[in-house]
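Have the viewer open while you read.

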Amino acid sequence: CSWKTSCTSLLVTHLRRVHEPIDVYSCKEPNCGRRFSVRYSYVSHIQKHIRNDTFTKICGDENITESEENDHMLPCASGSIVTEINSVGEEREQMTTKNKEKKSEPEQLVNVEKIEQEISRLRIGFNLKWLNKDTVPRKQVFKFQNDVQSNVINPIIDVVGVMTDAGLISLDNSSMLKSVFSMFQCSQTEYKFVRELKQSDLYEDPVFFNISNELKPAVVQQNLDMIEDDVKGVLMPIKFQLRKYLQSEGMMDILLNSLKPSQDGVIRSLVDGTIWQDKIRGLDDKLIAPLNIFFDDFTTSDTVSPHASSTKICGVYYYIPSLPPYILSHLVNILTAGYIFAADRKHFGNERTLYALVEELEDLETNGVTITCNGDEKTVYFKIGFVTGDNLGMSEILNLVESPTANYYCRVCTRARNERENDCKEYVESLRSEALYNEHIQVNDVSKTGVKEYCILNRIPSFHVASNVYFDVMHDVPEGICLYGLSHCLNYLVYKQKYFTLDDLNCRKNLFVYGSLNSSNIPDDIKDTNLVKSKIKMTAHEIMTFTRFLPLIIGKLVPVKDPVWKYFCNMLKIFDLVMLNDIPLELITQLKEIVVEHHRQYVSLFEDTLKPKHHNLVHYASAIMSSGSLRRQWGMRCEAKHKQAKQYTRANYNKRNICSSLITKASFKFAYDIFQNTFVVPLYEINKEHISTATLSEELTTILEYNDQRTARLLSQFIKQGSIYQKGTVFCINHKLLRNIFQIETIIIEDDNELVLLCFAYNSLQFDEHLQSYELKRSDNMSIIHNIFKLDTKPINIHFVNDTPYFRMCNFVE
């Protein structure tokens, strides 16, 4: 026989069905003649004949029903017939015993236990996949799986039972199949599924804590009565989250690398800032990681709804700010700490609504979290880096004055309002300190100090309001100075100087090629009614896109020496500088100087006073030195986290206790992230489907310095840190102030599986001050790039103005 297979079970089946006679067991009963290749099936068949003959001989009734058969079994089973039935039963027991012995042997063909474990894993993954969907209510997931069980799987189980009774399937195989098909039976309800997740260490119950249990009047059964107003808050099990988060594959190594301060004169994360270095000084024997806590209120229903205020939630998130940007850019790495009704926080105050969170953070700093990494146990301690949020949210949480028109509004200094409106630089002597904060608490007059009351977060050993030097770039720059500056500049260029019309501006804006990296954030047309009032309505992302490319859109229409355009160029320099993830030390002084010039120009050109967000900007240079790059800690991604809660509350019609529903959903989402290990993004991904072979041309052979023309493996695309690199992709290689720009032509996989990129280089001809862009020219010669995964690279877009390529970036790079 020439039949071949690599599977042992298929070989046994082939031998039994092909090379053994199929009629080993044949029925000798008259008018039957059935044949069997399996002894067990033959015995079961004979047993049916014996039972039918028994009832026919004793009762004389060939048409006896099943119920009557059961009634006759005991009185009729006697004599030799009982002996025959018992002999068949003994044979069946012997067969079962042999089967069990075979199953216990190491060479058994099917590992039922392993199959059941895999089926259990598939069941958990199936449920968590749908529970992770923001638009699917939790109850609907279990309704769906019950429908699948009852309408699809149960009928299959019934068929298996019928086939077993007919002798077509053995009892062992039947048991295994039923075990496979009953995959949903142990998780038919959310309670049972949660219990199963706990056994797998994927879930821990949220923590509910009391905010108030005061008595209040209410109507009960049409009578006025006093009831207990049981107000609760809810937190995620933070220690459980951090333990599972750090134990996920690869995360601990990334964390340890991120805690090392920079040694090349570049400010990156907060570990390079002086505030963090002061917090960990003298604690070299402990492994200490930073945590940033983010607070922000958001509305879960329509903002114009009459119930909008009652569904407003304070979301509390946290993350490790030292992790690299490509990790923190994914929302799964911003963890949910809890949800509190915004109305409860305002009514009962921060003292009663945040005490449980403060206790948890104190415990993290004092006792830490014990994790198992590579077989070794480590204790990681966590200190608060900064409390973050928008300007209003931070003032509320820190118990500082919220109104931007207040006399002492700044969180960092004590400059009065009339001074702030004209300040172009930072006054070090006015900065807040712990001693000054304590004095202000004693004064107890918010109009004279800007401090409303003592902040409960000060109970955390490593935190103090006075040292929380944090500014949110998103609210201060795109939604702050860029919005103010753009409104004044466009009003001046369109209506006063009339360099172009508003229709021309909108037309150029719409026809400009933004590139694949910016195409999703193109702003809508600017309306005349808004621009006349020097107001522009855009989202933060739209403002960033519009501000970044405005020089290439209309720069050629504006005279070179126009003073307002020079102001705009200064604003653009500030924008580009604070948006850097890595800031060289030499740019800090330059930032101070640009801010001073920008503020003076704003006041003199537009005859307007400086806004609170302008004042925040005078602290940016010192804040970067003390807190690290502000871009790495901005609130853009944390606010994007709100979308998950908003989508779920709109899909879930239960508005009775939104916070409880949201925290349960967040628990399931976290279990899914643990199960799928979605926290760590692969540094690079290469799909085998994108690999092909081809003979290299003579030109490529010469460039690569090969001795002869050969066949090579070509790669059409690969993914690095979530970005796609393929033919035509333009990317830059960063090294401090250096930017080398290349365009991919061919990707080759060498014999040692290393990638070789053949690229055309772009050379910088000059920096155009008027367009705030580099004028480029593509080289005709190819460059070879090795070790692409070890280089700091980033895809960019090249833009063309009058067929000339430009790279839009201020002259902070070479």
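Predicted model: local features only at pLDDT ≥ 70, side-chain atom pairs only at ≥ 80, totals over all residues.

1. Lys286 puts its charged end over the ring of Tyr381, 4.7 Å from the ring centre. The other one to look up is Arg778, which lies over the face of Phe760 at 4.1 Å from the centre of that ring.

2. Next, the aromatic pairs. Searching the whole structure turns up 27 of them. Take Tyr684 and Phe789: their ring centres are 3.9 Å apart and the planes meet at 15°, so this pair counts as stacked. The cut-off behind that call is planes under 30 degrees apart.

3. Where do Tyr684 and Phe789 lie? Tyr684 belongs to strand 12 (residues 684-685), while Phe789 is in the loop between strand 20 (773-785) and strand 21 (793-796), so the pair ties together parts that are 105 residues apart in sequence.

4. Then have a look at Phe731 and Phe742. Their ring centres are 6.0 Å apart with the planes at 35°, so I'd call this pair tilted. Phe731 is in strand 17 (residues 730-735) and Phe742 in strand 18 (residues 738-749), eleven residues apart. Both Phe731 and Phe742 are buried.

5. Lys279 deserves a careful look. You'll find this lysine in helix 11 (residues 274-279). Lys279 is buried but makes no salt bridge, and the nearest side chain of opposite charge, that of Glu365, is 7.8 Å away. For reference, a salt bridge here needs the nitrogen and the carboxyl oxygen within 4 Å of each other.

6. What does the side chain of Lys279 reach instead? Another is the backbone oxygen of Ser462, at 3.3 Å. Setting aside neighbours within four places in sequence, Lys279 is in contact with Lys383, Ile384, Gly385 and Ser462.

7. A couple of backbone angles are worth checking. Most residues other than glycine have a negative phi. Asn374 is not a glycine, yet its phi is positive, at about 55°. This asparagine is in the loop between strand 9 (369-373) and strand 10 (376-388), and its relative accessibility of 70% makes Asn374 exposed.

8. Gln772 also has a positive phi, about 50°, without being a glycine. Gln772 sits in the loop between strand 19 (755-768) and strand 20. Is Gln772 buried or exposed? With a relative accessible area of 0%, Gln772 is buried.

9. Last one: Lys533. This lysine is in the loop between helix 22 (528-532) and helix 23 (540-554), and Lys533 is exposed, with 61% relative accessible area. How far apart are Lys533 and Ser487 in space? C-alpha to C-alpha they are 8.3 Å apart, with 46 residues separating Lys533 from Ser487 in sequence.

Notes
Residues numbered from 1 in each chain as written. Heavy atoms only, no water. Phe/Tyr/Trp six-rings, centres within 6.5 Å; stacked < 30°, edge-to-face > 60°. Helix = DSSP H or I, 4+ residues; strand = E, 2+ residues; numbered from the N terminus. Buried < 20%, exposed > 50% of the residue type's maximum accessible area, 1.4 Å probe, protein only. Lys NZ or Arg CZ within 6 Å of the ring centre and 35° of its normal. Lys, Arg positive; Asp, Glu negative; His and termini not counted. Polar contact = N/O pair within 3.5 Å; in protein donor to acceptor, adjacent residues only side chain to side chain. Contact = heavy atoms within 4.5 Å.
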